[in-house]
Amino acid sequence: HPGQLQAEGTYQEVWNNVRDALIDIAPFAEEMGAAIGVENVWNKFLLSAKEMADFVDAVGSPRVGTYLDTANMMLYGYPEHWIRGLGSRVSRVHFKDFSRRERSFVPLMDGDTEWRTIVKDLRDIGYDSYVIHEVSGDRDLQIEMAKRMRKIVSL
């Protein structure tokens, strides 16, 4: 998670601190053949695809991209805008769903996510890596989420 913005300090200070830390560790990620994905989370920081793209570009390493969570921006935006705005900066994807009316995370395909659009847009930017779901629940729900994941990726 890319820092936690607090009332103390400034947005620019968090930007600089996290950017500098990623610049420092990017060579190690390169050496290890690893990728670093900055996730869009509810932390009052990097709240738009434009900000996230500018941030990743400021780090300037092909090993640093975005770990896109498809639901974390749904109170204030649309995942398809993020996919289109980030393009090749998307390094990994969490599938998660959100109900705007209920203002809560819900099982995949029970919320407001336009999955057909999401899958198309991911294909359009050339994303061909893993997707995982980030849905808690018991074993039966996990089995159901696996079935829904198969349905989503086949759209």
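Mentor: A residue is called buried under 20% relative accessible area, exposed over 50%, and partly exposed in between, with a 1.4 Å probe and protein chains only. The model is predicted, so local features need pLDDT of at least 70 and side-chain atom pairs count only at pLDDT 80 or more, while totals for chains, interfaces and linings use all residues. Residues are numbered from 1 along each chain as its sequence is written, and side-chain values use heavy atoms, with hydrogens and water left out.

Trainee: Why is R63 called partly exposed?

Mentor: R63 has a relative accessibility of 25%, which falls in between the two cut-offs and therefore counts as partly exposed.

Trainee: What makes the contact of E30 and R63 a salt bridge?

Mentor: A salt bridge is a side-chain nitrogen of Lys or Arg within 4 Å of a carboxyl oxygen of Asp or Glu, and the side chains of E30 and R63 meet at 3.3 Å, N to O. E30 lies in helix α1 and R63 in the loop between α2 and β2, so the pair ties together parts that are 33 residues apart in sequence.

Trainee: Why is D121 called buried?

Mentor: The relative accessible area of D121 is 5%, and buried means under 20%, so the word applies. The side chain of D121 also meets that of R84 in a salt bridge, at 2.9 Å, N to O.

Trainee: How do you know that R101 is exposed?

Mentor: R101 has 73% relative accessibility, and exposed means over 50%, so R101 qualifies.

Definitions and conventions. Helix = DSSP H or I, 4+ residues; strand = E, 2+ residues; numbered from the N terminus.
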